[in-house]
Amino acid sequence: MKPNWILTLLFLLGLAAFVWWGDAHLDRFIWRILNFGAIYALGAVGYTMINGVTGQFSLGPHGFMLLGGYLTTLFMLPLHQKKVVWLFTPLSWPFNQFTLPYWGFILALLAGGVLAVLAALVVGIPALRALRGDYLAIATFGFGEIIYVLACNFMGLTNGPMGIKGIPQYTNLAWSVGALVVLTYAAVRLKNSSFGRALRAIREDELAAESMGINVFRHKLLAFMFSAFCAGVAGGLMACLIGTITPDLFRFFMTFYLLMIIVLGGLGSISGAVVAGFIFAAIFEALRFVDTAVVPGTRMVVFAVLLILVMLFFRRGLFGREEFTWDWLLGGAKRAWRWAWARRS
Amino acid sequence: MGETELILSLQNLTMRFGGLVAVRDFSLDIRYGELVGLIGPNGAGKTTIFNMITGHYTPTAGKVIFEGRDITGLPPWQVARLGIARTFQNIRLCREMTALENVLISFHPRVRASVFDAILPTPRYLREERRMRERGMELLSAVGLEKWAHFRAGALPYGLQRRVEIARALATSPKLLLLDEPAAGMNPAEAADLMNFIRGIRETFNLTIFLIEHVMQVVMGICPRIRVIDFGVSIAEGTPEEIKNNPKVIEAYLGEEALRA
């Protein structure tokens, strides 16, 4: 038990050192991919909490990401830029009055997360009470579409389909990896706590769980809110990484990406979601040449084929429902060493 | 018999599914500490009665009174918190979780720490979690399952799964335990074993037990009072001896074979 704790601490220190170094010296292309990886991973960690751990099929995270992305943008966009962007419809009060300096980024991200949680309450209270399975998927999908249409039409807040440009690019590895570490820690703690046991019990057998006195609705809502918070923060980080935001950035394909990530990582595995998030971002960039060589969008075909292969050969994803542990890694290393030692001649 | 002695009183329960009447005008009083058996042929409506007690169904008519309180139509999780626990005919364990985790699920409704306590985690939560695990192990030991605590529930043999399910129900600290065909799918030796086990937990945990059974010898051997239903209607009540010799029961339930035997 004790040595693992030390290993975790060493890993975090190493990670902090890498992030500190990477923000200053890393090749900008790789730096960008790592940022995207951390953001996808963050969205996926939340998403797997409701889809994987609790087993409630939601298709709405792109809506939550959109809300977080726009609110963060409205907080952080400089005043002079706000005057330039909203040409046709003036920006609504109170956002035309203020902008936050760099240190306010954390407040903006938190606000994005909280807005997403509020939206999760509005959708979740009716939907999670009455629906499950395919019906819940359709209801949450509908929510995502509604949010998209609203974003296109509330010109005074979103500048509509024209989007917003000139967002200060505050997101760096310190922010994206930092948020990922904090929320992954929270997710792992939640999953392994008594509350997480209740969530897993709901996935395994909802009827049995409620017969043991578990308020199934409240726990589903808890998982849904956690997933919305992660998605909201991820949306905010993404807007401040790309520097522009349009409603099209958060269409259904975003949920589809996250779904691929959590299936690839293993439904219900948080470490799986993190690892797969980075893998996804890397493959996504590596396949960019396919888009330029054939027609735009071809890489999604490649991804679909990859997903089918994963389903055929790793039905439970990279991690299944298990989590990464040092014991597993050390055990694997020991086995590999023994194997190599036995064949040294 | 005074009203206060009653733990459960079912008053004229009727359950209709469209045109089908699954249970008609079913009434039954159970006193504290009793062990009552409910028998009847397949499809007689036994499980429907359980589902009405636990809130999985809202009866079309009639009332469920538990400890003097009308609990008709309460959702299952509230009924469970009031002190009614159940097992299922086709074992419903969380198969991917360990036996101990299955038991810990039942403690969860009484966790006082908040989600934030659990995430941080605060000492208050850690204390509760440690206490829960201790009590979970105690409970598993009390039912002879401590060896299996860290096995995946779905990987345990059938008989043990049944016991884990009962242990999970006991972990809710019930006053009334509803067992739905606990001996289903067991051979006579296993069934006899299980009945001893049920007798044991009834004494240890000071329980009232209401039990559905299909295997006749089982229910005859353990329940001093038996109610028989057929097609949703009560047809007899009495001691095992009385039931065995009741012509209505023999006709409806035991059939011709029993008459010859």
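**Strands, helices and contacts**

Me: Which residue stands opposite B:Ile226 in β10(B)?
Reply: In β10(B), B:Gly238 is the residue opposite B:Ile226. Strands here are DSSP runs of E with at least two residues, helices are runs of H or I with at least four, and both are numbered from the N terminus.

Me: Before I go on, what should I know about the model and its numbering?
Reply: Residues count from 1 along each chain as its sequence is written, and in order of writing chains are lettered from A and ligands numbered from 1. The model is predicted, with local features needing pLDDT of at least 70 and side-chain atom pairs counted only at pLDDT 80 or more, while totals for chains, interfaces and linings use all residues.

Me: What is the mean pLDDT of chain B?
Reply: Chain B has a mean pLDDT of 91, with 95% of its residues at 70 or more. pLDDT is the predictor's confidence in each residue, from 0 to 100. For the complex, the predictor gives an ipTM of 0.91 and a pTM of 0.93.

Me: Back to the strands. How many bridges are there between β9 and β10 of chain B?
Reply: Five, in the antiparallel sense, with β9(B) covering residues 225-230. Pairing requires at least two bridges found by DSSP. Another partner couple is B:Ile229 with B:Ser234 in β10(B).

Me: And the turn that links them, which residue has a positive phi?
Reply: B:Phe231, with phi near 50°. The hairpin has two residues between the strands.

Me: How many bridges join β3(B) to β9(B)?
Reply: Four, and those two strands run parallel, with β3(B) spanning residues 35-39. B:Leu38 faces B:Arg227 of β9(B).

Me: What is the strand order in the whole sheet?
Reply: The order is β6-β7-β8-β3-β9-β10 in chain B, an open sheet of six strands with mixed pairing. The edges are β6 (84-86) and β10 (233-238), each with a single partner strand, so one side of each has no neighbour in the sheet. From one strand to the next the twist averages 20°.

Me: New topic. What domains is chain B divided into?
Reply: Domain 1 is 3-83 + 174-260 and domain 2 is 93-167; the bounds come from an automatic or database domain assignment. Their C-alpha centres lie 28 Å apart.

Me: How many residues does each domain of chain B give to the contact?
Reply: Nine from domain 1 and eight from domain 2. Contact means C-beta atoms, placed from the backbone, within 7 Å. On the domain 1 side, helix α7(B), residues 188-205, gives the most, with five residues.

Me: Now the chains. How many residues does each give to the A-B contact?
Reply: Chain A gives 24 residues and chain B gives 26. On the chain A side, the elements with two or more residues are α8 (173-192), α9 (194-204), α10 (206-211) and α11 (216-242). α9(A) gives the most, with seven residues.

Me: Last one. At what angle do α3 and α6 of chain A cross?
Reply: Roughly 30°, with the axes of α3(A) (61-76) and α6(A) (134-153) coming within 8 Å. Axes are lines fitted to C-alpha atoms, for helices over the stretch in contact, and angles run from 0 to 180 degrees between N-to-C directions. The crossing makes α3(A) roughly parallel to α6(A). The residues in contact include A:Leu66 and A:Tyr70 of α3(A) and A:Phe143 and A:Ile147 of α6(A).

Notes
Two residues are in contact if their C-beta atoms, placed from the backbone, lie within 7 Å. Angles under 35 degrees count as roughly parallel, over 145 as roughly antiparallel, 65 to 115 as roughly perpendicular and the rest as oblique.
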